[in-house]
Amino acid sequence: MAGMEDLYKEIIMDHYRSPRNRGELLSPPATRTEGFNPLCGDEIVVYLIVDDGVLTDIKMTGQGCSISQASASLMSAAVKGKPLSDVRERIDTFKALMTVHEAALDGEASDAVDLRRLGELAALQGVVKFPVRIKCATLAWNTLIQGLEEISPT
Amino acid sequence: MSGYDPALVRADFPLLGRVIHDHPIAYLDSGATSISPASVITAMSHYYENSHANVHRAVYVTAEEATATYEGARRRVGRFIGAPHPDEEVVFTKNATEAFNLFVKSWGASQLRPGDVVVLSEMEHHANIVPWFQLRDQIGIEIRFIPVSDDFRLDLSGLDELLVGAKVVSVTGMSNVLGTINPVRELADRAHAVGAILVVDAAQSVAHSVTNVVEMGADAIMFSAHKMLGPTGLGVLWVRREILSAMPPFLGGGGMIADVTLEGFTAASGVTRFEAGTPPIAEAAGLSAAVDYLEKLGMAAIADHEAQLTGHTLERLATEFAGRVRILGPSTLEKRGGVISLDVEGVHPHDLAQVLDQFGVCVRPGHHCAKPLMRRFGVVATARVSFGPYSTLGDLDALFDGLHHAVGVFG
Ligand SMILES: Cc1ncc(COP(=O)(O)O)c(C=O)c1O
């Protein structure tokens with residue numbers, strides 16, 4: 001059975017206590033996207049600046065549990081300053097991370113995600129063992145996806 | 001009351017034998033759903049093993065038994081709430097939410113006119129808000145809210161103005177977030193004085209204190225079997241006979257008609273016109289057994305027992321967590337029940353509930369389907385502790401162990 005140490009890893013607690021890239025950006029020029037978890041009422045606002053195909057700045061405000069706050073912070077650190085192609089790759093990796101649970105249940109090997117490429121994001125891996133918390137972890141990411149969609153529709 | 005032994009009560013509930021993360025389960029989420037004693041589970045399996053047949057009409061033995069079980073449950077629960085005419089006033093639904101929808105869509109849509117006023121309160125569950133909004137969007141009624149004061153009570157100082165033009169006042173008997181017990185009799189008298197009816201959401205109160213619809217002065221009440229030691233899938237709507245007789249049917253289909261031709265249909269008379277299709281028969285058997293069980297313990301004794309636990313919890317919170325934990329609800333036992341919402345500084349309710357789970361403690365994080373109330377107090381969520389007849393001081397010890405640990409981890 002999954003224990004708390006799987007969920008509340010040191011990196012997660014660190015990002016929860018000292019969130020990176022918190023704050024607002026002047027909008028415009030930044031895009032401002034709101035995310036909302038209707039189940040628990042958690043809220044997030046993601047500000048993005050994309051310049052010449054590079055996500056040059058990201059800031060976030062909002063409130064939520066340790067998982068949603070830490071996931072947002074880890075996300076911002078992982079994507080800030082990266083070309084959009086890299087950002088999208090990160091998003092895909094994160095999504096894969098959040099679905100390994102189902103894949104494992106289906107009897108597939110769970111090496112769909114190369115953990116070495118994840119860096120600190122790997123700390124979020126334990127969340128899949130707590131299915132109700134997956135929504136907490138994905139809130140910031142879904143909001144980022146939505147924001148990018150506004151900037152450059154795919 | 002003397003003679004109430006929580007340890008003996010506990011032994012009647014099979015689920016309480018579970019061990020969660022190496023701790024005996026401490027079930028403190030009875031406000032969401034209560035757990036069932038063995039007698040309720042047995043009553044339902046008895047139906048399936050012996051009398052599984054459809055109700056009404058058929059003449060063979062098991063069908064007659066099924067009908068007797070189902071109609072017996074109607075009388076049983078009717079007597080439990082002091083209904084003057086159980087056979088003609090108790091309607092079975094899917095849950096309290098459906099009971100609200102039935103009442104609003106039947107009584108509301110047929111009796112209210114554009115501009116009529118419906119008075120609710122700021123502490124209502126969404127089940128007592130959304131159906132009224134739906135009706136407003138359909139026919140243009142006006143909805144007003146009795147505000148909640150800073151001390152977590154209904155603020156009745158402006159009630160006279162709110163009641164101008166009111167046709168119905170619909171409030172909760174006990175808040176599922178604050179634990180506040182509302183002055184139902186006073187609201188009934190004041191509603192009736194202006195010609196409005198009083199509807200009471202009894203979902204929280206019914207399992208924790210004596211319910212008597214006549215003494216309350218209510219015209220309709222709603223509750224769910226699953227919050228009173230009974231099964232899921234069954235709710236109760238009680239409506240005073242004079243009012244129920246004017247209500248058109250809700251869902252259409254078999255069981256609710258007197259006649260159907262190729263031209264149209266005539267609805268059945270009586271409560272069955274609100275019960276289209278095969279009803280929850282096993283669940284009705286379970287509810288009967290749940291009511292038997294509650295009455296065996298005694299509602300007054302249950303209320304006393306839960307008041308003791310509530311008092312104990314409030315005291316420990318005040319001494320062990322002064323300044324760290326805000327209680328969203330009255331801080332004394334005066335007119336409050338065993339529902340305690342916590343706002344722990346620096347610990348999000350989700351995280352708190354997750355840590356408590358590791359101690360085998362079941363509490364509920366979230367907005368508790370009362371978002372207007374959450375906004376009123378500037379929180380998005382709370383962690384809610386709620387008691388049942390089977391709750392013990394041992395559950396509280398586990399709760400406080402977990403609370404101290406959570407504050408240590410996140411504080
Ligand atoms: C006060 C109150 N009203 C209504 C309901 C709705 O009950 P149900 O979900 O069983 O329909 C609940 C329970 O969630 C409640 O606490």
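How many helices and strands are there in chain A? Chain A has five helices and three strands, where helices (H or I, at least four residues) and strands (E, at least two) are DSSP runs numbered from the N terminus. The model is predicted, so local features need pLDDT of at least 70 and side-chain atom pairs count only at pLDDT 80 or more, while totals for chains, interfaces and linings use all residues. Residues are numbered from 1 along each chain as its sequence is written, chains are lettered from A and ligands numbered from 1 in the order in which they are written, and side-chain values use heavy atoms, with hydrogens and water left out.

**View 1. Fold of chain A.** Along the sequence, the elements of chain A run α-α-β-β-β-α-α-α. Of the 154 residues in chain A, 48% are buried (buried: under 20% relative accessible area, 1.4 Å probe, protein chains only). Contacts (heavy atoms within 4.5 Å) between residues at least 6 apart in sequence join residues at least 24 apart in 67% of cases in chain A. Chain A has an accessible surface of about 7500 Å², with 52% of that area on carbon and sulfur atoms; accessible areas come from the Shrake-Rupley method with a 1.4 Å probe, and for residues only the protein chains shown count as cover.

**View 2. Surroundings of the ligand.** The residues around the ligand (a heavy atom within 4 Å of it) include B:Asn95, B:Thr97, B:His125, B:Asp201, B:Gln204, B:His226 and B:Lys227. By class, this shell holds two nonpolar, eight polar and two charged residues. Here Ala, Val, Leu, Ile, Met, Phe, Trp, Tyr, Cys and Pro count as nonpolar, Asp, Glu, Lys and Arg as charged, and the others, Gly among them, as polar.

**View 3. Polar atoms at the ligand.** An N or O atom in the side chain of B:Asp201 is 2.5 Å from a nitrogen atom of the ligand. An oxygen atom of the ligand lies 2.8 Å from a polar side-chain atom of B:Gln204, and B:Lys227 also places a polar side-chain atom 2.8 Å from an oxygen atom of the ligand. Of the 390 Å² of accessible area that the ligand has on its own, the protein covers 87%.

**View 4. Contact between chains A and B.** Chain B contributes 15 residues and chain A 24 residues. The two chains bury about 1500 Å² between them, 56% of it on carbon and sulfur atoms (buried area: the accessible area, 1.4 Å probe, that two parts lose on being put together, summed over both). On the chain B side, B:His350, B:Gln354 and B:Val380 lose the most area to chain A, together 33% of what that side buries.

Notes:
A polar contact is a pair of N or O atoms within 3.5 Å; within protein, one must be able to donate a hydrogen and the other to accept it, and residues adjacent in sequence count only if both atoms are side-chain atoms. Buried means under 20% relative accessible area, exposed over 50%, partly exposed in between (1.4 Å probe, protein chains only).
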